[in-house]
Amino acid sequence: EMSEMSERSKQNVAHGLAWSFYVGYLKIVLPRMKKSMEEFSRANPNLPACRKTWKLHILVPLSCDIYDDLEKADSKIQYVTDLTETTLARAGIKKRVYKHSLYAITDEENQLWHCAVEYATPLQTLYAMSQDECAAFSREERLEQAKLFYRTLEEILRGSKECADTYRLIAYEEPEEAETHFLSREIVWHLRQEHHEEIAVLEQSAPPSPSTALDSSELNLQISVSDLPQPLRTDGF
């Protein structure tokens with residue numbers, strides 16, 4: 001009965017997507033991020049090196065609206081190159097390739113910030129489900145699932161020792177009125193925070209408190225013990 005209730009309320013969707021994203025992708029690529037960034041930094045000594053930004057910046061738009069080309073999402077985000085590839089045999093696929101793209105992001109003072117950034121791809125599934133009649137997924141349900149996905153992924157990664165300090169989740173709600181450079185400003189805000197964190201460590205002073213970025217406490221998602229996702233029901237039970 002609990003399994004059926006969970007399926008009807010779609011609680012398994014975001015929870016399963018978050019775990020799949022972690023086990024099938026992030027747990028594989030994140031432990032190599034710093035090495036990839038170090039290799040890039042050595043090959044490009046002319047670029048500023050802020051080690052706190054040597055991580056994968058994962059965009060989590062709560063609208064689930066994802067651009068396949070970040071340069072089209074915001075003209076101040078420009079592709080630079082790909083980082084070193086990771087090649088593995090995975091689920092019967094020989095030489096499966098995992099790689100990340102490095103971007104240069106221009107801030108309002110025309111300063112360039114370099115970082116590896118990409119969307120959380122499972123959000124594409126949530127968006128597609130909300131467009132498919134078979135899934136019976138409303139826009140409101142999609143928003144709640146996006147919040148649950150973020151909260152679940154945040155909790156999973158927080159407990160992962162091998163992924164510590166290799167990622168930054170950037171959850172955000174897009175403004176109602178379109179802003180041409182909203183995304184680049186959002187990413188730069190996080191990069192500045194990381195830069196301040198590095199300086200704070202060096203100077204042994206406290207970093208500035210956040211003012212605009214979303215964190216899990218601001219997503220207004222209440223999850224009780226009884227609301228937690230249950231195992232998927234099978235036809236045999």
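## A guided reading of the predicted chain

Of the 237 residues of the protein chain, 43% count as buried, where buried means under 20% relative accessible area, exposed over 50% and partly exposed in between, for a 1.4 Å probe and protein chains only. This is a predicted model, in which local features need pLDDT of at least 70 and side-chain atom pairs count only at pLDDT 80 or more, while totals for chains, interfaces and linings use all residues. Residues are numbered from 1 along each chain as its sequence is written, and side-chain values use heavy atoms, with hydrogens and water left out.

The predictor's confidence in each residue is given by pLDDT, from 0 to 100. The chain has an average pLDDT of 81, and 76% of the residues score at least 70. For residues 222-237 the pLDDT is below 50, and this stretch has 20 contacts in the model beyond near neighbours in sequence; a contact means heavy atoms within 4.5 Å.

The protein chain contains seven helices and seven strands. These elements are DSSP runs numbered from the N terminus: helices are H or I with at least four residues, and strands are E with at least two. Along the sequence their pattern is α-α-α-β-α-β-β-β-β-β-α-α-β-α. Of the contacts in the chain with a separation of 6 or more, 70% are between residues 24 or more positions apart.

Strand β5 (residues 101-106) is mostly covered, with six of its six residues buried. S101, Y103 and I105 point one way from β5, whereas L102, A104 and T106 point the other way. Two strands pair if DSSP finds at least two bridges between them. Strand β2 (residues 77-82) runs antiparallel to β5 and is joined to β5 by five bridges; D82 has S101 as its bridge partner in β5. Five bridges also join β5 to strand β6 (residues 112-119), again in an antiparallel arrangement, and the partner of L102 in β6 is A116. β5 and β6 form a hairpin with five residues between them, and N110 in the turn has a positive phi of about 65 degrees.

Strands β5 and β6 also take part in the largest pocket: α2 (11-29), β4 (93-98), β5 and β6 each supply at least two residues of its lining. A pocket is defined on a 1 Å grid over the protein atoms alone, as an open set of points where a 1.4 Å probe fits, with protein on both sides within 12 Å along at least five of seven lines; lining residues have an atom within 4 Å of a point. The largest pocket holds about 510 Å³ of space, the volume being the space filled by probe spheres set on the points, which are joined across faces, edges and corners. Its lining comprises 20 residues, with Y25, K99, E118, Y119 and T121 nearest the centre. The largest share of this lining, four residues, comes from α2.

The buried residues of α6 include L148, F149 and Y150.

L47 lies in the loop between α3 (33-43) and β1. Because its relative accessibility is 22%, L47 counts as partly exposed. L47 touches F40 and H114, not counting residues up to four places away in sequence. L47 and H114 are 67 residues apart in sequence, yet their C-alpha atoms are 8.4 Å apart in space.
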